Amino acid sequence: MAKVAASSCLLSCLLVLFLSSVSAVTDVDKQVYIVYMGSLPSRADYSPIAHHMSILQEVTGESSIQGRLVRSYQRSFNGFAARLTESERERVADMEGVVSVFPNKKLQLHTTTSWDFMGLKEGTRTKRNPTVESDTIIGVLDSGITPESQSFSDEGFGPPPEKWKGVCSGGKNFTCNNKLIGARDYTSEGARDTDGHGTHTSSTAAGKAVVDTSFFGIGNGTVRGGVPASRIAAYKVCNELGCYPDALLDAFGDAIADGVDLISISIGGDETASMFEFDSIAIGAFHAMAKGILTVNSGGNSGPNPTSVSSVAPWILTVAASTTNRGFVTKVVLGNGKTLVGKSVNSFDMKGKKYPLVYGKSAASATCDAAAAESIFRLCKEACLDKSRVNGKILVCGGRDGLKIAESVGASGIIFRNPRPDVAHVHPLPASGLLTEDFESLVTYLESTNSPQATILKTETIFNRTSPVIASFSSRGPNTIAVDILKPDITAPGVEILAAYSPDGAPSKNDIRHVKYSVLSGTSMSCPHVAGVAAYVKTFNPKWSPSMIQSAIMTTAWPVNATGTGIASTEFAYGAGHVDPIAAVNPGLVYELDKADHIAFLCGMNYTSEDLKVICGETVTCLEEKEILPRNLNYPSMSAKLSGSDSNFTVTFNRTLTNVGTPSSTYTSKVVAGHGSELSVKVTPSVLSFKTVNEKQSFEVTVTGNDVDSEVPSSANLIWSDGIHNVRSPIVVYSYTNDEY
């Protein structure tokens with residue numbers, strides 16, 4: 001009996017161990033998922049917890065769901081979290097009433113990411129010079145500012161710097177403080193921002209840290225500028241009618257006299273650059289440069305067309321726009337359960353309700369052209385839509401035209417084919433812009449279903465996407481005015497940026513909402529990022545000239561990988577690369593320029609005395625012995641446009657470097673290949689030795705090659721390194737026929 005009992009015990013123990021091992025394996029296979037079921041039913045007899053338990057019992061086949069149900073949502077919306085296997089997750093996702101099922105991933109508290117993405121961390125994680133930062137004044141020429149915004153609170157600030165000579169002339173009910181130390185208006189409307197653009201750019205450059213900020217829950221985190229301890233002076237030069245050169249020049253003059261340290265101007269021309277003598281920004285920035293003030297300017301939003309960059313003067317730091325590691329996506333769930341991923345900043349919650357889809361002939365008015373009604377890609381013109389057919393439904397459009405009138409014709413939402421899938425915008429109703437492939441899937445669904453339906457989900461935030469990538473809208477070079485000056489100079493975050501906004505404005509056209517923080521995209525957003533970086537660099541190097549700050553930012557930039565083919569993906573898209581704030585503080589060497597250098601450059605471009613007087617504000621006589629070839633301007637990048645007949649070529653660049661690093665240092669040159677056909681690059685001398693700080697050393701770069709592709713420039717990178725600093729300059733050689741300009 002003892003033996004039998006022992007054997008029975010052994011079998012029982014083995015069985016327990018076996019079952020435990022099976023259970024352990026099963027637990028490993030399970031993951032916590034959130035099952036979202038939209039809004040709560042209004043039925044009085046509905047019990048969320050009972051419904052959730054019933055679903056779990058059906059899916060798992062288990063009578064007891066103890067250890068399965070993690071939590072039940074039954075107050076503001078319907079759903080639950082549960083431990084499920086992958087096959088169980090798939091079964092739940094297919095059940096009626098389930099909107100979506102997604103993993104319960106661990107989240108972290110985030111800032112609004114752009115400054116963290118660039119390495120300029122919040123608080124004590126970034127080295128700062130608070131006393132000098134507090135004495136730094138950024139002048140913002142824009143649509144005004146919202147003085148009451150938390151981003152411009154002066155809590156903790158002392159009085160304005162003694163050098164400040166400006167005024168607070170913002171108009172009625174406008175008050176400055178020790179953060180927003182000055183305001184001027186050039187529109188006769190007061191300096192208050194009624195648009196939102198100026199408030200957004202000002203807070204991006206120098207706004208205080210404001211925690212728990214979002215656009216209706218999207219992008220939640222801490223909003224801050226690059227130099228939150230610095231001061232802001234606002235110059236309102238734009239209103240709903242536009243921005244005009246007379247106001248811009250007036251504002252430049254005032255900003256210079258008021259004592260600003262930097263000027264940020266997210267304003268520009270259309271798709272073509274103007275000759276310097278007709279360019280009010282170039283003229284104003286020249287005067288600022290002569291007084292030791294750097295102007296940072298947006299490159300324009302006319303990309304990816306070549307020669308579309310509008311800010312091309314070498315005394316301006318021109319900024320392109322690129323992505324960060326964060327993006328926004330808005331999913332569309334079709335009536336058949338298929339999910340399509342689109343782009344928009346959608347804060348509206350349709351609560352999982354599926355609405356009828358209307359498109360093509362089903363949305364067309366009787367007066368609409370028959371061919372247009374047939375084509376989903378030509379519809380969504382106001383004259384073609386029948387309001388009674390669209391009202392209460394989701395409108396489907398082959399382009400963005402429908403966005404302008406979707407709400408006015410009573411649509412509950414809009415799904416459109418997005419020609420620029422890299423950027424999400426705010427819209428006044430539920431919206432999602434689909435990539436071409438997903439849009440074609442939608443069309444297939446529409447054409448194969450009698451009563452097509454869909455719902456548009458609230459925007460989700462995604463991280464760790466490939467970055468940085470130059471935005472499709474960001475204007476491209478080559479430079480059409482000074483063809484041997486590479487533009488844009490640098491790129492910075494300009495896609496889906498959350499920052500302060502004016503509650504007097506609307507976050508999108510025809511939007512009735514009013515917000516204090518909003519999401520915008522454009523080189524207007526990347527420009528103040530670089531202005532903030534320039535201010536940050538200046539706080540550690542307060543005696544540096546504008547050209548030294550510009551050089552430091554350009555030569556320490558991250559290299560950017562090309563995406564796509566042709567000019568739009570090369571240095572003509574991003575210049576020297578992506579701004580790196582921390583590295584720019586200590587570049588080692590800089591390329592210096594002053595007013596006389598720029599005048600010699602303009603003389604080399606054959607500007608007349610009359611033209612020079614317009615730009616410089618004084619009588620200038622060009623002396624032949626002081627003229628320089630434009631390509632020999634001591635610029636941080638090197639670029640040369642070849643004539644169409646140069647199949648074999650030799651181009652030289654003359655440059656001078658100034659030591660701002662270690663007193664005794666030796667730099668060795670290295671050339672790294674870039675795009676296009678191979679270039680032979682010789683640097684003479686190939687080694688530069690410095691004995692003191694501020695010592696200058698000159699060198700020559702000789703570039704030879706042949707058969708440069710007219711569609712893709714040939715490029716390389718020259719890097720001077722002392723083992724600590726890497727001073728990098730792009731070299732670009734390109735060829736275009738005159739009729740391409």
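Modeller: Ala, Val, Leu, Ile, Met, Phe, Trp, Tyr, Cys and Pro count as nonpolar, Asp, Glu, Lys and Arg as charged, and the others, Gly among them, as polar. The model is predicted, so local features need pLDDT of at least 70 and side-chain atom pairs pLDDT 80 or more, while totals for chains, interfaces and linings use all residues. Residues are numbered from 1 along each chain as its sequence is written, and side-chain values use heavy atoms, with hydrogens and water left out.

Colleague: How many cavities does a search of the whole structure find?

Modeller: The search finds three cavities of 30 Å³ or more. A cavity is a set of points on a 1 Å grid over the protein atoms alone where a 1.4 Å probe fits but cannot get out; its lining residues have an atom within 4 Å of a point. The largest cavity has a volume of about 90 Å³, counted as the space filled by probe spheres on points joined across faces, edges and corners.

Colleague: Which residues line the largest cavity?

Modeller: The lining consists of Met 289, Leu 294, Pro 314, Trp 315, Pro 546, Ser 547, Gln 550, Tyr 591, Leu 593, His 598, Tyr 635 and Pro 636. By class, nine of the lining residues are nonpolar, three are polar and none is charged.

Colleague: Which helix gives the largest share of that lining?

Modeller: Helix 13 (residues 546-555) does, with three residues. Helices (H or I, at least four residues) and strands (E, at least two) are DSSP runs numbered from the N terminus.

Colleague: What about the second largest cavity: how much space lies in it?

Modeller: About 40 Å³ of space lies in the second largest cavity. Its lining has 11 residues, and Thr 204, Arg 224, Ile 497, Leu 498 and Ala 499 lie nearest its centre. Helix 4 (114-117), helix 6 (197-206) and strand 24 (497-500) each supply at least two lining residues. The largest share, three residues, comes from strand 24. By class, this lining has five nonpolar, five polar and one charged residues.

Colleague: Let us change topic. How many aromatic pairs does the structure hold?

Modeller: The structure holds nine aromatic pairs. Rings of Phe, Tyr and Trp (its six-membered ring) pair if their centres lie within 6.5 Å; planes under 30 degrees apart count as stacked, over 60 as edge-to-face and the rest as tilted. One of the pairs is formed by Phe 286 and Trp 315, edge-to-face at 5.1 Å centre to centre with 90° between the planes. This pair links distant parts of the chain, 29 residues apart: Phe 286 is in helix 8 (residues 280-290), and Trp 315 is in the loop between strand 13 (294-298) and strand 14 (316-322).

Colleague: Buried or exposed, that Trp 315?

Modeller: Trp 315 counts as buried, at 3% relative accessibility. Phe 286 is also buried, with a relative accessible area of 1%. Another pair joins Phe 699 and Trp 720, whose ring centres are 5.0 Å apart and whose planes stand at 65°, so the pair is edge-to-face. Phe 699 lies in strand 32 and Trp 720 in strand 33 (residues 714-721), so this pair ties together parts that are 21 residues apart in sequence. Both Phe 699 and Trp 720 are buried.

Colleague: Which residues do ring pairs link into a cluster?

Modeller: Phe 276, Phe 286, Trp 315 and Tyr 607 are linked in this way.

Colleague: Why is strand 19 largely enclosed by the rest of the structure?

Modeller: Four of the five residues of strand 19 (residues 413-417) are buried, so the rest of the structure largely encloses this strand. Strand 18 (residues 394-397) runs parallel to strand 19 and is joined to it by four bridges, with Leu 395 opposite Ile 414. Four bridges also join strand 19 to strand 20 (residues 431-434), again parallel, and there Ile 414 stands opposite Ala 431.

Notes: Buried means under 20% relative accessible area, exposed over 50%, partly exposed in between (1.4 Å probe, protein chains only). Two strands pair if DSSP finds at least two bridges between them. On a 1 Å grid over the protein atoms alone, a cavity is a set of points where a 1.4 Å probe fits but cannot get out, and a pocket is an open set with protein on both sides within 12 Å along at least five of seven lines; lining residues have an atom within 4 Å of a point.
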